[in-house]
Amino acid sequence: MSRVACVKNQFVPLRGAQVSMLDRGYQFADGIYEVVTLWNGRLVDESPHLARMERSLAALEIPMPMSVRAIQIRIRELLRRHRLKNGLVYIQITRGEAMRNHLFTGEMTPIFTMCLLPARFPTSQEKSEGVRVITAPDQRWARCDIKSIALLPNMLTRMASYRAGAKEAWQINAQGNITEGSLSNAYIVRADGVIQTHPADRSILGGIRREMVLKLAKQHGMALIEKPFTLDDVKRATEAFMSSASSFVLPITTVDDITIGNGAVGHVTEKLMTLYEAQVLAIPRVM
Ligand code: PDD
């Protein structure tokens, strides 16, 4: 099967799909992206993703290239052309094409591109035994809440974790707080059973899984607190986990050389994994 991309308004073969050298995404990383998971024929949390897309665009004063409804129609067309049940719908919107200039105007026409990427979901071993993450300095800018395509620090940090044989790297900021991973949100479970995660301020990306984890925890009477935590808190934690579009809720059993709790996947994490999977299974199939 050959993959297709949607570039502006046209479906074209992914290999060879092109935008201009003058695209401001290419020149300045002047754009945003979203990653919506296609899992067993279901588009996972599509609406919150598209709502976050609108928020990222608004923060950068980039107009919506088309209505949310029109984007949804194109997503379905993309899926129809692939006939796959699993993947990641990658959407990127840049401010448009213009002669290189730091200044932008409201007249620029945003460029919409989209494709279906292969997904690598966690293995059953990763889910049952948990994964290891390392820690690394948070080298990012002051607006991590915007899902910007400028991902150099995230990329370098993820590369460092890969080279260390770890699944992810938890980023530690100048205050000594763990903000989030290079491409996922970070959580611990304290000895008193409370789930703790960094507040969704400008120093993290407010993940869609994070929204869901917090909602499910509240619905099921699980205690949680949105408050920064440090490596010392990690040492005292009984559980740790991460969440993202492609990992859903994934247990972490080692952080650097610290074994979390008794080294096994904890009850709170297991419960959240089960609750989230059940919620996803309840989504009607599109494929
Ligand atoms: N990453 N934090 C960062 C920095 C992220 O890049 C992501 C998503 C998340 C988790 O957000 P969500 O639950 O909405 O996926 C948190 C995507 C998957 C990526 O860049 O590929």
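Select Tyr-33, Val-35, Leu-151, Ser-182 and Leu-183 to begin: of the 49 residues that line the largest pocket, these lie nearest its centre. A pocket here is an open set of points on a 1 Å grid over the protein atoms alone, where a 1.4 Å probe fits, with protein on both sides within 12 Å along at least five of seven lines, and lining residues have an atom within 4 Å of a point. The model is predicted, with local features needing pLDDT of at least 70 and side-chain atom pairs counting only at pLDDT 80 or more, whereas totals for chains, interfaces and linings use all residues. Residues are numbered from 1 along each chain as its sequence is written, and side-chain values use heavy atoms, without hydrogens and water.

The space in this largest pocket is about 1400 Å³, a volume being the space filled by probe spheres set on the points, which are joined across faces, edges and corners.

Next, show helix H5 (152-163), which gives the most to the lining of the largest pocket, with 4 residues; helices (H or I, at least four residues) and strands (E, at least two) are DSSP runs, numbered from the N terminus. Among the other elements that each supply at least two lining residues are strand E3 (31-39) and helix H6 (208-219).

Then move to the second largest pocket, with about 200 Å³ of space, and select Val-7, Ala-17, Val-19, Gln-92 and Thr-113, the closest to its centre of the 16 residues that line it. Finish on strand E6 (111-117), from which the largest share of the lining of the second largest pocket comes, 4 residues.
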